[in-house]
Amino acid sequence: MPSSSVNYLESRHDWTRQQVLALFAMPFNDLLFTAQQVHRSHFDANRVQVSTLCSIKTGACPEDCAYCPQSARYDTGLEREKLMKVEKVLEEARAAKAGGATRFCMGAAWRSPKKKDMPYVTQMVREVKALGLETCMTLGMLNDDQAKELADAGLDYYNHNLDTSPEYYGEIITTRTYQDRLETLDSVRAAGMKVCAGGIIGMGEGEKDRAGLLMQLANLPEHPESVPINMLVKVAGTPLEEEKDLDPFEFIRCIAVARIMMPKSHVRLSAGREAMSDEMQSLAFLAGANSIFYGEKLLTTGNPEANKDMQLFQRLGIKPEEYQQYADETEMEAELSSRIAEQQNDPFFYDAAK
Ligand code: SF4
């Protein structure tokens, strides 16, 4: 470990900005090495979880997120679509399962779901789950009652991103506050669902904002189980269309720091993967990313074809993580420990605890 005073293998919720900036400032190879050590002490390093995303209601969103083609405020030429019929969602879910996905994420471009929408979305959850898929939804802000309704229907994960640091947030969104977002995450937790929360890199923010975003996520009372790290997709017509390109190494650094700060979370490569070379994606896996969105579309922006992803997995010796329903956390930990123990016979295994 590069620093003798910090035990990076432990889960913590008290990160200071100085500590996070110190991680960002590490030499690239040291940072990746540390991240990989942390990764191997909690995960099978050659497994990646695969999710598929389906836009169940597209466009015409009243919010003003500066990166988003779905905002009604920007003319991006995006075709609006009403809430998808349950049968159509199930068709997409079956195809996702056949393509190897274990989690099906359903996204609607809403400020928050309306009362009349809830029976439809809860039916979607029940029926997609019955196909043997994990379910995730992203429907905007939720209050406690809505979160409970979704949890009662069996929803496994709820996605609600913080997007960026509290300090930079006002440059990106003005129609809802950072506090609104944190309250939605609280409601999701209180209802007993797993949290999927991350952000977007490359929106003109500085390193201190990336550190601020990761601090917010890692200092939550519980780390989000899933942490999507998106790379900005510059969509013509949005205020960020002319944003300058992000240095790919800055993106990889962010993945590595997220892995170190939230050692047991799945860190997900999400939007922006289409612009990444195979080499950049493999560096992201080395930095500790262990989840991807797979399929032809990522909500409304392109995503590399599913087939290409599986070819890359093959070239890297990566296997998709299987979906298993565990009786409880103890059973899940036991399964992971046995996978990690198996790895110890591998000539490349590095025991980070020694
Ligand atoms: S990111 Fe979500 S809330 Fe923001 S404009 Fe897009 S669809 Fe609406």
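User: So which residues surround the ligand?
Analyst: This is a predicted model. In it, the ligand is surrounded by Cys61, Glu63, Cys65, Cys68, Gln70, Ser71, Ala109 and Gly140.

User: And how does that shell split by class?
Analyst: Four residues of the shell are nonpolar, three are polar and one is charged.

User: OK, switching topic. What does UniProt list under "binding site"?
Analyst: The unreviewed UniProt entry gives Cys105, Cys136, Cys196 and Arg268. They are spread over 164 residues of sequence but cluster in space, with a largest C-alpha distance of 13.9 Å.

User: Let's take Cys136. Where does it lie?
Analyst: Cys136 is part of strand β3, which covers residues 134-138.

User: Why does Cys136 count as buried?
Analyst: Because Cys136 has 24 C-beta neighbours inside 10 Å, and the cut-off for buried is 20 or more.

User: What does Cys136 touch, skipping residues up to four places away in sequence?
Analyst: Ser51, Arg103, Cys105, Asp156, Tyr157, Asn159 and Cys196.

User: Is Cys196 buried or exposed?
Analyst: Buried: Cys196 has 29 other C-beta atoms within 10 Å.

User: Which residues is Cys196 in contact with, again leaving aside those within four places in sequence?
Analyst: Cys136, Tyr157, Tyr158, Asn159, Pro224, Glu225, Ser226 and Pro228.

Definitions and conventions
Residues numbered from 1 in each chain as written. Predicted model: local features only at pLDDT ≥ 70, side-chain atom pairs only at ≥ 80, totals over all residues. Near = placed C-beta within 6 Å. Nonpolar A, V, L, I, M, F, W, Y, C, P; charged D, E, K, R; others polar. UniProt positions renumbered as here; feature names shortened; annotations may be inferred. Helix = DSSP H or I, 4+ residues; strand = E, 2+ residues; numbered from the N terminus. Buried ≥ 20, exposed ≤ 12 C-beta atoms within 10 Å, placed from the backbone. Contact = placed C-beta atoms within 7 Å.
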